[in-house]
Amino acid sequence: MNKLGISDLDLKGRRVFMRVDFNVPLADGQITDDTRIQAALPSIRYVIEKNGKLILASHLGRPKGKPDPKYSLKPVATRLGNLLRKAVQFAPDCVGPEVEKMVSDLPPGGVLMLENLRFHAEEEKNDPEFAKQLAKLCDVYVNDAFGAAHRAHASTAGIAAYVKQAAAGFLMEKELESLSYVLTRAEKPFVAIVGGAKIADKIDLIESFINIANNILVGGAMAYTFLRARGIATGKSLVESEKIALAKDLLAKASTKNVSIELPVDHVVAPGLESAASQVISITETPPDQMGLDIGPETIRRYSGIIRQAKTIVWNGPMGVFENPKFASGTFAIARAVADSNAYSIVGGGDSAAAVAQSGVGSKITHISTGGGASLEFLSGQKLPGVEVLTDK
Ligand code: AMP
């Protein structure tokens, strides 16, 4: 990477502002999954070891630019303290004189977690004055929030203009290395698996895969828009009618490049999401009153066969409505197939990452990206603002 990394910095006794992605899921004030906190621990421990004064900043949820106790980072600071077995101080805000005083009292090796950045509307507006106030807290800046790197906010982008050095944390470096590998040096056969609800969100991703992959396996609701582009009736399944023409273009583009776009050959259908009466049918026999909610066993068999031959795999988006156990088999089977392959495998996106975790095969995936949107944009060939602003080596 041509950007400064955390290990290029002299941290001893210096105030280190580290942007992390601690946007964890909460239920009744309890953290239900601390993967994102765990993912930042290597950078956090490194700063502590080097006797830096660590200031941690993150957003949590969507508090709409003003303080909202529901989105306080206090429980996150407590969990971090437990994980580190070390006191983590908590600041009641992320800017202002009180926070500045807490920072100046911080001993080398100490950790201070700031309150939710999004309690200030200026954060998402990338307001320069707010960015300056954040920068005032520190000597050096580290961005380890890969999950927020596609956003040009004050703490992910603006702040870099007001600090001497802006470096990537270890998590950020690992994410960028893994994702760059598939874009530039991936071994073939390269199999991309794309699912989820909407084609609209993943057009750029599919276009990018048409340039680098050998096979694109399509599942989830978006398969139905492609099926319609091939003239197949899809009953009540979710279809983006205004995107059928685009799906046709993508199919044509893929065929000129010798990339095979695979669509489901059978599926699990039901009259509706809540219905108990589901059945497996061929994709060409969908009655008008049925809705496709998962890929079927023959599709699983075919997709798994292609996955088995792969040397590189990238997966983004579930194969069906996997939140409902009745329509989860396809997604879980694909998770297992990816895990059982010998390929360099990357899973991106919250849903696919959750499916991998629920299947218990997470350790067999080469890299599970912590950033859904950010990995999507990076793999689509876009530049990430949070990376662009870092100091060149
Ligand atoms: P995305 O955020 O685009 O990756 O979409 C994820 C969502 O797509 C999940 O909540 C799934 O329940 C949903 N989904 C997947 N397959 C289908 C389907 N066949 N019909 C309706 N929704 C689906």
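His267 of strand β12 (residues 266–270) has Ile281 in strand β13 (residues 279–282) as its bridge partner. The two strands pair in the antiparallel sense over four bridges; pairing requires at least two bridges found by DSSP. Strands here are DSSP runs of E with at least two residues, helices are runs of H or I with at least four, and both are numbered from the N terminus. The model is predicted, with local features needing pLDDT of at least 70 and side-chain atom pairs pLDDT 80 or more, while totals for chains, interfaces and linings use all residues. Residues are numbered from 1 along each chain as its sequence is written, and side-chain values use heavy atoms, without hydrogens and water.

Strand β12 also runs antiparallel to strand β14 (residues 291–295), again through four bridges. Here Ala270 is bridged to Met291.

In a regular strand the side chains alternate between the two faces of the sheet. On one side of β12 lie Asp266, Val268 and Ala270, on the other His267 and Val269, and all are buried, meaning under 20% relative accessible area with a 1.4 Å probe, protein chains only. Because five of five residues are buried, β12 is largely enclosed by the rest of the structure.

Turning to the helices, the axes of α1 (residues 35–49) and α2 (residues 74–84) come within 11 Å and cross at roughly 65°. These axes are lines fitted to C-alpha atoms over the stretch in contact, with angles from 0 to 180 degrees between N-to-C directions. Ile37, Gln38, Leu41, Ile44, Arg45 and Ile48 in α1 meet Val76, Arg79, Leu80, Leu83 and Leu84 in α2, with contact meaning heavy atoms within 4.5 Å.

Technical notes: Buried < 20%, exposed > 50% of the residue type's maximum accessible area, 1.4 Å probe, protein only.
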